[in-house]
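Reader: I am new to this structure and would like to know what stands behind the words used for it. Please show it first.

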Amino acid sequence: MAHKSGIPKGAVRLTIELTSALEGVGGYFFADANVLAVNGYGETFATVKPRKGDTIRLSVVGDIEGRAFKKGDRVKLDAMTPVSKGGQLLTITML
């Protein structure tokens, strides 16, 4: 569990499974993941909606607990999504 009790405004709560190891790039860590479930949306959510079964790219800021994630981990987390999908994978940023 990597989320608070309430979903932050503008965020989405997802359950994901990492399909790759975290890679560090410039203070950020990235990993590919599959969306297992969409658990809810914050009250002002208005960006790209990930769907169950989507493959996404997870961005983790270097100083939060997500740095300890490894391939195969299942995680429930809150994230921000972009206004539009660019490229093949939707990139989400863990809060």
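Reader: Which side chain makes a polar contact with the side chain of Arg57?

Author: The side chain of Asp32 does, at 3.0 Å. This is a predicted model, in which local features need pLDDT of at least 70 and side-chain atom pairs count only at pLDDT 80 or more, while totals for chains, interfaces and linings use all residues. Residues are numbered from 1 along each chain as its sequence is written, and side-chain values use heavy atoms, with hydrogens and water left out.

Reader: What makes the pair Arg57 and Asp32 a polar contact?

Author: The term stands for a pair of N or O atoms within 3.5 Å; within protein, one must be able to donate a hydrogen and the other to accept it, and residues adjacent in sequence count only if both atoms are side-chain atoms. The side chains of Arg57 and Asp32 meet this at 3.0 Å. Arg13 and Asp78 are also joined through their side chains, by a polar contact of 2.7 Å.

Reader: Why is Arg13 called buried?

Author: Buried means under 20% relative accessible area, exposed over 50%, and partly exposed in between (1.4 Å probe, protein chains only). Arg13 has 8%, so the residue counts as buried. Leu90 is at 5% relative accessibility and therefore counts as buried too.

Reader: Which strands hold Arg13, Arg57 and Leu90?

Author: Arg13 lies in strand E1, residues 12-18. Arg57 belongs to strand E4, residues 55-61, and Leu90 to strand E6, residues 90-94. Strands (E, at least two residues) and helices (H or I, at least four) are DSSP runs, numbered from the N terminus. By that rule the protein has 0 helices and 6 strands.

Reader: What does Leu90 touch, not counting residues up to four places away in sequence?

Author: Leu90 touches Val48, Pro50, Thr55, Ile56, Arg57, Pro82 and Lys85, where contact means heavy atoms within 4.5 Å. Seen from Arg57, the residues touched include Leu90, Leu89, Phe30 and Asp32. Among contacts between residues at least 6 apart in sequence, 66% join residues at least 24 apart.

Reader: How do you know that the radius of gyration agrees with a compact globule?

Author: The radius is taken over C-alpha atoms, and the globule rule is 2.2 Å times the number of residues to the power 0.38. For 95 residues a compact globule would come near 12 Å, and the protein has 12 Å, so the two agree. The C-alpha atoms fill a box of roughly 30 × 30 × 25 Å along the principal axes.
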